[in-house]
Amino acid sequence: IQSKIEYDEPYNIKATLQVEEISFSLERMVTFYPCLRTTKAPVIDGQFSPGEWNDAILIRLDKFAKKEGDWKGPDDLSATAYFLWDDEQAYFAMRVVDDVFHQPYLGGEIWKGDSIQIGLGLSPLEDIAGVYYAEGGMALTQRGNLLWVYHAPGIPYEGEVQEVNFAVGRQGNEIIYEAAIPYRSLNFPISSGAWIGLDIMVNDSDGEGRKSWMEWGGGLAREKNPRLFWDMLFIEKK
């Protein structure tokens, strides 16, 4: 590991155990992303008010995420994500810059247009089968803001969800996604030191379906597997 850790950058770690003639190696991509506690909850309105996300450590997707499809560079699509937490909720925001906005889809098909997806691995150590995770998508559709839950075993939300406080705002070539996720909706308690799996994606369409995407983590785009999510740790402060 470098002496200076980039919190939104993945690191490839390899360990080898050698016992006489028997050798066992394990290789894994790991991250050190800390979700910081806040004493002032951000306003969930689809806008970035001055200072409200300053306490969060940003995730630069166009720099460190995996990119697939016809991505032409940061002017075509770039994105930055933010996370915070307090005693009741986790807060999420993503600022996306997209040269062409196109989202004609509804329901579970919003991934085909300009949208985001987020996956939360709620029990990364105990979930050996890789099924206990939540996956949702957010988009600004022709009918307004939409939050769609694709997968949520043991959680009373699937399909279109209106009970969660979220907002999507657009101005020019910039789209802002914000959400406040109450822990009770995840059926998962959060406290300092809690660790969850995380995957975030941005989907891009210029008018003919999804042409490219960025994925910080793994386990949503190519296959649904929370064991490929990266790591987020809830901590008190920097």
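The protein chain has 2 helices and 16 strands, where helices (H or I, at least four residues) and strands (E, at least two) are DSSP runs numbered from the N terminus. This is a predicted model, in which local features need pLDDT of at least 70, side-chain atom pairs count only at pLDDT 80 or more, and totals for chains, interfaces and linings use all residues. Residues are numbered from 1 along each chain as its sequence is written, and side-chain values use heavy atoms, with hydrogens and water left out.

Consider the chain as a whole. Its C-alpha trace spans about 65 × 40 × 35 Å along the principal axes. The radius of gyration of the protein chain is 18 Å, which agrees with the value near 18 Å that a compact globule of 238 residues would have; the radius is taken over C-alpha atoms, and the globule rule is 2.2 Å times the number of residues to the power 0.38. Of the 238 residues, 50% are buried (buried means under 20% relative accessible area, exposed over 50%, and partly exposed in between, with a 1.4 Å probe and protein chains only). Contact means heavy atoms within 4.5 Å. Among contacts between residues at least 6 apart in sequence, 60% join residues at least 24 apart.

On a 1 Å grid over the protein atoms alone, a cavity is a set of points where a 1.4 Å probe fits but cannot get out, and lining residues have an atom within 4 Å of a point. Grid points are joined across faces, edges and corners, and a volume is the space filled by probe spheres set on the points. The count comes to 4 cavities of 30 Å³ or more.

The largest cavity contains about 300 Å³ of space. It is lined by 20 residues, and those nearest its centre are Gly-136, Leu-147, Val-149, Ile-181 and Leu-186. Strands S8 (115-121), S9 (133-141), S10 (144-151) and S13 (174-182), together with helix H2 (183-186), each supply at least two residues of this lining. S9 gives the largest share, 5 residues. The lining divides into 16 nonpolar, 3 polar and 1 charged, where Ala, Val, Leu, Ile, Met, Phe, Trp, Tyr, Cys and Pro count as nonpolar, Asp, Glu, Lys and Arg as charged, and the others, Gly among them, as polar.

The second largest cavity holds about 80 Å³ of space. Among its 13 lining residues, Ala-90, Leu-120, Ile-196, Met-232 and Phe-234 are the closest to its centre. At least two lining residues come from each of strand S7 (89-98), S8, H2 and strand S16 (230-235), and S7 supplies the largest share, 3 residues. This lining has 13 nonpolar residues, no polar and no charged.

Thr-80 is found in strand S6 (residues 77-85), and it counts as buried because its relative accessible area is 17%. Not counting residues up to four places away in sequence, Thr-80 touches Leu-58, Ile-59, Ala-93, Met-94 and Arg-95.

Glu-20 lies in the loop between strand S1 (11-19) and strand S2 (22-30). With a relative accessible area of 74%, Glu-20 is exposed. Most residues other than glycine have a negative phi. Glu-20, although not a glycine, has a positive phi of about 55°.

Arg-222 is found in the loop between strand S15 (210-216) and S16. Its relative accessibility is 64%, so Arg-222 counts as exposed. Arg-222 touches Glu-68 and Trp-213, not counting residues up to four places away in sequence.

Technical notes. 1 Å grid on protein atoms, 1.4 Å probe; cavity = no way out; pocket = protein on both sides within 12 Å on 5 of 7 lines; lining within 4 Å.
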